[in-house]
Structure formats: C-alpha cells, structure tokens
Amino acid sequence: GPGGVTFWFISFLFMASSALTLLLYKVQNKRPKYADNKSLCYFSSLRSGLILGVSVTVLLALSSLRSLSWRDFFLFAASVVLVEILLRTRRAV
C-alpha cells in the first residue's frame with residue numbers, strides 16, 4: 001500500500017545518501033585540500049551526499065508516479081546545481 005511505498009522511498013533516501021556520502025568521503029579524502037582537515041572533508045561530503053541522495057530519490061519517486069518529463073528533469077537538475085553553487089560559495093558569517 002501507500003505506507004509501504006513511502007517507507008521504501010524513505011529507506012532508499014537514507015541508503016542512497018549514506019552510500020554517496022561514504023563514497024564522496026573516500027574520494028575527497030585523497031585530495032590534498034582535505035589532507036589536514038578531516039572535518040571539512042566530512043561535512044563537504046555529507047552535504048553533497050545528502051543533496052545527491054535527495055535528488056536521486058525525488059527523481060525516482062516522480063518517475064514511479066509517471067510525473068517526470070524532460071522539462072521537469074532539467075528544471076530540477078538546474079535547481080539542484082543552483083543550490084550546490086550557493087552552498088559552496090556561501091561565506092561563514
């Protein structure tokens with residue numbers, strides 16, 4: 001039923017976000033920028049993993065509901081890129 005489908009998408013969100021965060025942490029950990037600052041590497045990979053995990057889950061949910069068109073995909077991808085750019089260029093207050 002609808003409760004099971006909702007639970008599946010929430011579980012998929014946690015799994016995808018966790019796997020992407022771990023993968024990004026392993027990849028970014030080898031870069032010289034993060035050699036001394038592991039917490040910066042962790043928070044950067046956590047942010048990117050969550051954004052990518054939510055993006056994949058939302059696109060999969062829209063696709064399963066047959067509500068995803070090419071126009072919606074490009075608008076969603078542009079909004080995700082915009083959010084990522086804003087978060088990367090944001091300065092600490």
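Predicted model: local features only at pLDDT ≥ 70, side-chain atom pairs only at ≥ 80, totals over all residues.
Arg66 sits in the loop between α2 and α3.

- Arg66 follows α2 and has a positive phi, near 60°.
- Most residues other than glycine have a negative phi.
- Arg66 is a residue other than glycine with a positive value.
- The relative accessible area of Arg66 is 80%, so Arg66 counts as exposed, the cut-off being over 50%.

**Helix α2**
- Helix α2 spans residues 38-64, which is 27 residues.
- From first C-alpha to last, α2 reaches 38 Å, close to the 39 Å expected at 1.5 Å a residue.
- The buried residues of α2 are Cys41, Ser44, Ser45, Ser48, Gly49, Ile51, Gly53, Ser55, Thr57 and Leu59.
- These buried residues pack against two helices, α1 (2-28) and α3 (70-89).
- An α-helix has 3.6 residues a turn, so residues three or four places apart point the same way.

**Contact of α2 with α3**
- The axes of α2 and α3 come within 11 Å and cross at roughly 170°.
- The two helices are therefore roughly antiparallel, as the angle is over 145 degrees.
- On the α2 side, the contact is made by Arg47, Ser48, Ile51, Ser55, Val58 and Leu59.
- On the α3 side, Phe73, Phe76, Val80, Val83, Glu84, Leu87 and Arg88 meet them.
- By class, the residues of this contact are eight nonpolar, two polar and three charged.
- Ser48, Ile51, Ser55 and Leu59 are among the buried residues of α2 and also meet α3.

Note on methods: Residues numbered from 1 in each chain as written. Heavy atoms only, no water. Helix = DSSP H or I, 4+ residues; strand = E, 2+ residues; numbered from the N terminus. Expected span 1.5 Å × (residues − 1). Buried < 20%, exposed > 50% of the residue type's maximum accessible area, 1.4 Å probe, protein only. Contact = heavy atoms within 4.5 Å. Axes fitted to C-alpha atoms, helices over the stretch in contact; angles between N-to-C directions. Parallel < 35°, antiparallel > 145°, perpendicular 65-115°, else oblique. Nonpolar A, V, L, I, M, F, W, Y, C, P; charged D, E, K, R; others polar.
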